[in-house]
Amino acid sequence: MKMKPAEKTLTPDGILQVGFGFFSSRALLAAVQLGLFSELSGDSLSGDELGQRVGLTHRSRTDLFDGLVALGFLQREGDGESGLYSNSAEAELFLVRSSPHYIGGILEMAAARLYPFWSDLDKALKTGKPQNEVKNTGKSIFEELYADPEKLELFLEGMRGISAGSFAALAEKFDFSQYETLCDIGGATGQLCISVASNHPNIRCRSFDLPPVKPISQKYIDDSGLSDRIEPVDGNFFEDELPKADVITMGMILHDWNLENKKILIKKAYDALPTRGAFIVIENLIDDARRENVFGFMMSLNMLVEFGDAFDFSAADFEGWCREIGFQKFDKIHLAGPCSAAIAYK
């Protein structure tokens, strides 16, 4: 007698986990804002000691700390009041402010800006309009940031943290041996140029961004010891021609714009490249079948919240736009986490 396969019992667990995911998210973001992981760096502290250091009430301490243990961001040796908390390996590497791999800056920005804006996602979905500062000031995020040097540097530092792994992976995985020059468009702190130049002595780089960014990128380039091969260049990538180079890169740039502006930037990159030159975009590329890259979809929704008509895209989308403009050959390289490089060759 043939047995029927056991039917899977349906539960709402997955729905509830996602639906209340903001609980865990906000606990992590609050811990980063409090500097909790930095206070714990290289140390083990009791709940009372850690709570006093970061200024928490007695009531709130154990729930937050033990919640972070359950989430995997903290470790605890022992139970009860005698238990000692320490950072997990990942928290020590990525969430301690003094670490060269710190990504907390982007999380602090998420807590201060993105978290409240996302409460209006339904409005963005219905209206197609941004739900950020522009609602109150009439100015875009870029206008707000570039008008305040301190805010700009904090924003660029946050982006630096989240981009570090992907830029390092590009320097390692892409074959730069046949090229001599690179220009990174929207180069911010010069991080992509620093990663490539550090690994490839044959490459001379330019980091292209708006004038207020130049002194910030110059500082990072000087600190890297690579100022003889990396030059910060100021300009506006919509108003000016892009500097000529064998390789043109755009790290997390194209997703900030609507389709019309995406194609303008792709055409500018094409014009700046020689024959067989490479145009590389680094993005949280959505999979071509649009079924898997959750972070890519959520980032595209974030572009809706931030800009209204901007969006993330797939490698297939990118190839289609580039073919229209004249690029002939294409490739894709997975870099780190949800991030990949889409490459078009002239």
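The model is a predicted one. Its largest nonpolar core holds 67 residues, and another core, of 30 residues, lies apart from it. Seven strands come together in an open sheet with mixed pairing. Happy browsing!

**Nonpolar cores**

- The separate core of 30 residues includes Phe 279, Phe 313, Phe 327 and Ala 342.
- If you click on Phe 37, you can look for its contacts, among them Leu 28, Ala 31, Val 32, Leu 68, Phe 73 and Leu 74. Asn 87, Ala 91, Leu 95 and Val 96 also touch Phe 37, and this list leaves out residues up to four places away in sequence.

**The open sheet**

- Reading across the sheet, the strand order is β6-β5-β4-β7-β8-β10-β9.
- The edges are formed by β6 (230-234) and β9 (329-336), each of which pairs on one side only.
- On average, neighbouring strands of this sheet are turned by 20 degrees against each other, with direction ignored.
- Strands β9 and β10 (residues 339-345) run antiparallel and are joined by 7 bridges. In this part of the sheet, Ala 336 stands opposite Cys 339 of β10.
- Helix α14 (residues 259-272) lies across β7 (247-251) and β8 (278-283), and runs at about 155 degrees to β7.

- How far apart are the end C-alpha atoms of helix α5 (residues 58-71)? They are 21 Å apart, which agrees with the 20 Å that its 14 residues should span at 1.5 Å a residue.
- The buried residues in α5 are Arg 61, Leu 64, Phe 65 and Leu 68. Viewed down the helix axis, the buried residues fall within an arc of 95 degrees, so they line one face of α5.
- That buried set packs against α2 (21-34), α3 (36-40), α4 (47-54), β2 (74-77) and β3 (84-87).
- Arg 59 and Ala 70 are exposed residues on the face of α5 turned away from its buried side.
- Just past the helix, Gly 72 has a positive phi of about 95 degrees.

**Loop residues to look at**

- Met 252 sits in the loop between β7 and α14. Its phi is positive, at about 55 degrees, although Met 252 is not a glycine.
- Is Met 252 buried or exposed? With a relative accessible area of 15%, Met 252 is buried, because the cut-off for buried is under 20%.
- Arg 276 also has a positive phi without being a glycine, with a value near 70 degrees. This residue is in the loop between α14 and β8.
- Arg 276 has a relative accessible area of 64% and is therefore exposed, as the cut-off for exposed is over 50%.
- His 200 belongs to the loop between α12 (191-199) and β5 (204-209). Its relative accessibility is 14%, so His 200 counts as buried.
- Which residues does His 200 touch, leaving out those up to four places away in sequence? They are Ala 171, Phe 174, Phe 176 and Arg 229.

Technical notes:
Residues numbered from 1 in each chain as written. Predicted model: local features only at pLDDT ≥ 70, side-chain atom pairs only at ≥ 80, totals over all residues. Heavy atoms only, no water. Core = buried A, V, L, I, M, F, W, Y, C linked by side-chain atoms within 4.5 Å. Buried < 20%, exposed > 50% of the residue type's maximum accessible area, 1.4 Å probe, protein only. Contact = heavy atoms within 4.5 Å. Pairing = 2+ DSSP bridges. Helix = DSSP H or I, 4+ residues; strand = E, 2+ residues; numbered from the N terminus. Axes fitted to C-alpha atoms, helices over the stretch in contact; angles between N-to-C directions. Expected span 1.5 Å × (residues − 1). Arc of directions from axis to C-beta.
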